[in-house]
Amino acid sequence: IILDREEQYHAITQAASDAIITLDTSGKIVGWNPGAQQIFGYKEPEIIGKDLLRIMPEIYLERHTKGFDNALRGEKNHIVGKTIEVRGHRKNRTEFPAELSVSEWEISSGKVYTATIRDISARKLHEEELEAERNFSEAVLQSLPGMFYLFTYPELRLARWNEYHEKLLGFTGKELHNRHVAEWFLPEIRQKVLNIMDEVAKEGYR
């Protein structure tokens with residue numbers, strides 16, 4: 001079966017889990033896929049003919065209006081072809097973080113725009129959890145008494161350290177980055193320290 005371009009587009013939008021919304025050159029919604037209904041809560045008859053701002057916060061009003069005014073004048077819309085982070089509004093007025101990308105199409109009835117919107121709430125939550133974990137780890141690291149550092153093996157290059165390490169040795173963080181771990185030991189014990197590090201790395205503490 002050979003599908004024309006519009007049939008292919010329709011098949012893709014109906015199967016996608018992302019919200020795929022077709023807009024005319026004035027910014028009105030003329031196409032609404034099942035993914036959009038799932039994400040925003042509006043059924044197709046409720047949203048067709050409405051402005052895209054129905055599902056976006058008012059802070060985007062000026063940018064949205066300017067973009068489509070430029071399109072009507074035949075000027076380039078700077079959002080086309082890019083992916084940006086925005087906020088979306090569901091029918092129940094809850095807000096969520098989203099990724100928006102806009103593409104431009106020429107079909108038999110004229111020029112249309114496709115807005116693809118992806119709910120990134122789960123990803124953002126994961127990023128926040130990772131950031132909280134990093135902050136906790138950093139707080140624990142900096143609270144440790146004495147000099148503490150992590151290094152790569154077998155390169156034996158500094159990877160991470162606490163502030164006390166910097167203060168004790170008199171180096172800045174920039175100066176310590178990727179330095180060899182044996183540099184601050186006295187020459188007469190340097191090899192012994194390296195041997196111990198090598199033994200621990202290979203066999204663990206005993």
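**Close-up views of a predicted model**

**View 1. What kinds of residues line the second largest pocket?** By class, this lining has four nonpolar, seven polar and one charged residues. The model is a predicted one, and in it the second largest pocket has a volume of about 160 Å³. Twelve residues form the lining, with His-10, Thr-13, Gln-14, Trp-32 and Asn-33 lying nearest the pocket's centre. Two or more lining residues come from each of α1 (5–15), β1 (19–23), β2 (29–32) and α2 (34–40). The largest share, four residues, belongs to α1.

View 2. Look for Leu-144 in the loop between α5 (121–143) and β6 (149–151). Leu-144 counts as partly exposed because its relative accessible area is 31%, between the limits of 20% and 50%.

View 3. Most residues other than glycine have a negative phi, and most peptide bonds are trans. Now meet some exceptions. The peptide bond from Tyr-153 to Pro-154 is cis, with omega near 15°, and Pro-154 sits in the loop between β6 and β7 (158–161). Arg-93 is not a glycine, yet it has a positive phi of about 75°; its loop runs between β3 (83–89) and β4 (95–107). Asn-178, also not a glycine, has a positive phi of about 70° and lies in the loop between α7 (173–176) and α8 (187–203). Arg-93 is partly exposed, at 45% relative accessible area, and Asn-178 is partly exposed at 43% relative accessibility.

Methods:
Residues numbered from 1 in each chain as written. Predicted model: local features only at pLDDT ≥ 70, side-chain atom pairs only at ≥ 80, totals over all residues. Heavy atoms only, no water. 1 Å grid on protein atoms, 1.4 Å probe; cavity = no way out; pocket = protein on both sides within 12 Å on 5 of 7 lines; lining within 4 Å. Points joined across faces, edges and corners; volume = space filled by probe spheres on them. Nonpolar A, V, L, I, M, F, W, Y, C, P; charged D, E, K, R; others polar. Buried < 20%, exposed > 50% of the residue type's maximum accessible area, 1.4 Å probe, protein only.
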